[in-house]
Amino acid sequence: MQTSQGVARGGRDRFLDVVRAGAILAVIAQHWVMPVLSYSDGRLATGNALATPGWWVVTWLSQVMPLVFFAGGAANLISLSRAKSTREWLGARLKRLMVPVLPLVAVWLVMPDFLRGLGIPPQPLQVASAIAAQLLWFLAVYVLVVLLTPLMVAAHRRWGLKVPLVMGAAGVLVDVARFNDLGYLGYANAIFVWVAVHQLGFHYVEGRLGTLTRRAALSLSAAGFGITALMVAFGPYPASMIGMPGAPVSNMSPPTVLLAFLAVGQIGLLLAFRPQLNALAERPGVGSALGWLGARFMSVYLWHMPALIVVAGVTVYGLGYETPEPGTLLWLVMAPAWFAVCGLVLLGLLRLFAHFELQRDTVAVTARVPQLVVAGLMISGGLLGLAAHGFAPLSDGIAHGPVPWIVLATAGFLLAGKQVPVIDLLGRAVHVSERAALRR
């Protein structure tokens with residue numbers, strides 16, 4: 001198989017480092033620029049700057065979750081190929097994904113009651129608690145994708161491009177059902193769409209994507225963006241690639257198959273400039289920044305919204321600041337200052353909490369694959385529950401707050417370590433029953 005040519009000394013792919021760094025910076029920029037905030041009479045009014053007419057076009061580049069899954073697919077294939085075993089790889093991946101979440105959960109388990117004690121009204125407190133948890137949806141889905149990775153790598157090596165094509169076709173069928181009064185089926189695309197994009201990362205490492213000429217990459221990009229435009233123009237899809245307030249349909253929650261075509265456009269565009277991006281990564285200052293950010297990727301992702309909450313709480317709630325109308329001269333002047341303050345707060349939070357992610361666990365994982373699958377499902381379910389329900393105050397009742405979801409995710413994290421004989425026996429029983437069924 002053809003392989004990509006972007007691997008630097010030390011075994012790291014510089015292009016993937018740039019894609020990951022660019023993606024997380026784009027996520028931060030989008031989330032910090034979007035809020036339109038004001039506070040009055042106990043209520044926090046929230047709007048979205050990207051809902052400004054015509055600004056939807058920005059989301060075709062700023063919606064970078066497809067790039068995160070693409071880079072994740074490439075990194076997962078590389079690391080799985082180097083691992084001693086699937087068991088070792090799964091255990092390390094699950095623990096590395098979950099460790100940075102633990103301090104966030106610990107802080108926000110008590111923060112709502114602390115803020116309530118300071119006299120923060122219920123409505124802005126609910127908004128802050130929901131925002132602090134909502135980004136956990138990505139980890140919930142990504143853990144499922146990680147669990148599927150060994151199977152999907154095997155499928156990739158057997159069927160190649162047929163795999164993402166089939167996943168994309170399944171995504172189309174899910175959208176058809178979703179837009180014909182079967183809305184809940186749309187959540188199946190959280191698997192079909194993101195696994196299809198994740199699979200494209202495999203084709204960058206082991207396939208033609210990693211060896212495309214600039215002309216071919218630009219043609220691929222034009223095809224991806226072109227199909228996206230046609231589906232927006234003639235289909236039921238909104239033009240914005242993020243959810244907008246009051247919009248009847250969101251391309252993001254749940255994801256539509258449109259994001260898979262957007263991914264093709266974005267990936268092709270970046271591949272067309274891969275030599276320049278690799279050269280950029282070779283610069284000493286840039287290389288150091290990429291290394292710093294890459295080592296703290298999950299911490300930056302998890303804490304950039306709490307940084308926004310701190311800044312908004314002090315300025316909007318505490319000082320009565322109102323976000324200027326998006327696009328005005330005052331908004332353009334104030335946006336850099338807003339970014340700078342949020343950035344300083346984020347750096348402070350990283351100094352407190354990023355060391356959890358920086359520590360490398362040297363304890364060997366003894367859990368077997370069936371137990372790791374159960375652990376991953378528990379982690380995913382717990383994080384999804386937190387993302388959906390937020391960090392409600394414990395004083396409102398433990399059973400209906402975040403505690404059950406935190407317990408589920410934490411139990412999954414602990415289960416991903418040492419082997420539990422009962423689960424191992426269950427896994428073996430399932431394996432034996434499957435072999436017996438195959439014989440019949």
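Trainee: What volume does the second largest pocket have?
Mentor: The second largest pocket comes to about 1600 Å³. On a 1 Å grid over the protein atoms alone, a pocket is an open set of points with protein on both sides within 12 Å along at least five of seven lines, and a cavity is a set where a 1.4 Å probe fits but cannot get out. Points are joined across faces, edges and corners, and the volume is the space filled by probe spheres set on them.

Trainee: And what should I keep in mind about the model itself?
Mentor: The model is predicted, so local features need pLDDT of at least 70 and side-chain atom pairs count only at pLDDT 80 or more, while totals for chains, interfaces and linings use all residues. Residues are numbered from 1 along each chain as its sequence is written, and side-chain values use heavy atoms, with hydrogens and water left out.

Trainee: Which residues lie nearest the centre of that second largest pocket?
Mentor: Arg 12, Ser 79, Arg 93, Arg 96 and Arg 360 do, out of 50 lining residues; lining means having an atom within 4 Å of a point. Elements giving two or more residues to this lining include H1 (14-33), H3 (65-82) and H7 (136-159). Helix H4 gives the largest share, 9 residues. Helices here are DSSP runs of H or I, at least four residues long, numbered from the N terminus.

Trainee: How does the lining of the second largest pocket divide by class?
Mentor: There are 25 nonpolar, 11 polar and 14 charged residues. Ala, Val, Leu, Ile, Met, Phe, Trp, Tyr, Cys and Pro count as nonpolar, Asp, Glu, Lys and Arg as charged, and the others, Gly among them, as polar.

Trainee: Switching to H11, why call it largely enclosed?
Mentor: Because 11 of its 15 residues are buried, meaning under 20% relative accessible area with a 1.4 Å probe, protein chains only. Buried residues of H11 pack against H1, H2 (59-62), H3, H9 (189-205), H10 (214-234) and H12 (274-282).

Trainee: What about the length of H11?
Mentor: At 1.5 Å a residue, H11 (258-272) should span 21 Å, and its end C-alpha atoms are 22 Å apart, which agrees. The expected span is 1.5 Å times one less than the number of residues.

Trainee: Where does Pro 402 sit?
Mentor: Pro 402 is in the loop between H17 (369-389) and H18 (403-415). With a relative accessible area of 0%, Pro 402 is buried. Not counting residues up to four places away in sequence, Pro 402 touches Leu 109, Leu 386, Gly 390, Phe 391, Ala 392 and Leu 394, where contact means heavy atoms within 4.5 Å.

Trainee: Last one: is Gln 123 buried or exposed?
Mentor: Gln 123 counts as buried, at 18% relative accessibility. Gln 123 is in helix H6 (122-134) and, leaving aside residues up to four places away in sequence, touches Gly 42, Arg 43 and Leu 44.

Notes: Buried < 20%, exposed > 50% of the residue type's maximum accessible area, 1.4 Å probe, protein only.
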